[in-house]
Amino acid sequence: WRVPGALGHEGNIDWPAIAFLSAMKANIARIAFGDHDNQWWFGILAGAGLAAQSVFVLRRWRAFQSDTWVALALPFAALFWIIGADPWVDYRAVARDCLPMVIGFNVLWARTPGASPWWMLANVAAVDGIQRMTWP
């Protein structure tokens, strides 16, 4: 693991949200300049979805000792915000790094009474994953 150095924000760990926001900005810039590759579109959508999942899990921090799923997902929800620039080159690396958060989010969401079905949009990254496994 590399931490932010004097030369700039690079490596696997960074200050909170810096790499995430930089990746979103870079994806938006690529699309704005005419590169409409699915990787950039899904990078924006999946980045926002993973951020929503992280916030959903972090808001349940009080149940850390009493709920196994919160205990599983919470450290990875915090990790999401400090992941550095290297994994954000492709959002799928971040999704893999935070996979326990994604699983925990889905279990917590399904168990929450009256949870909005709109939270399902936080799983938009799965569409890209299925597409990449099935299309050449």
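Colleague: What makes D128 and R92 a salt bridge?
Modeller: The closest N and O atoms of D128 and R92 are 3.0 Å apart. The cut-off is 4 Å, so the pair counts as a salt bridge. Keep in mind that this is a predicted model. The pair also links distant parts of the chain: D128 sits in helix α6 (residues 125–134), R92 in helix α4 (residues 91–97), 36 residues apart.

Colleague: Why is D128 called buried?
Modeller: Its relative accessibility is 1%. Buried means under 20%, so D128 qualifies.

Colleague: And R92 and D90: buried or partly exposed?
Modeller: R92 has a relative accessible area of 19%, under the 20% limit, so R92 is buried. D90 has 21%, between 20% and 50%, so D90 is partly exposed.

Colleague: How do you know that D67 and R111 form a salt bridge?
Modeller: Their side chains meet at 2.4 Å, N to O. That is within 4 Å, so the pair counts. D67 lies in the loop between α2 and α3, and R111 in helix α5, 44 residues apart. D67 is buried at 16%, whereas R111 is partly exposed at 47%.

Colleague: Why is Q39 called buried?
Modeller: Its relative accessible area is 19%, under 20%, so the term applies. Q39 is in helix α2 (residues 38–58). Leaving aside residues up to four places away in sequence, Q39 touches V89, D90, Y91 and R132.

Key: Residues are numbered from 1 along each chain as its sequence is written. This is a predicted model: local features need pLDDT of at least 70, side-chain atom pairs count only at pLDDT 80 or more; totals for chains, interfaces and linings use all residues. Side-chain values use heavy atoms; hydrogens and water are left out. Helices (H or I, at least four residues) and strands (E, at least two) are DSSP runs, numbered from the N terminus. Buried means under 20% relative accessible area, exposed over 50%, partly exposed in between (1.4 Å probe, protein chains only). Contact means heavy atoms within 4.5 Å.
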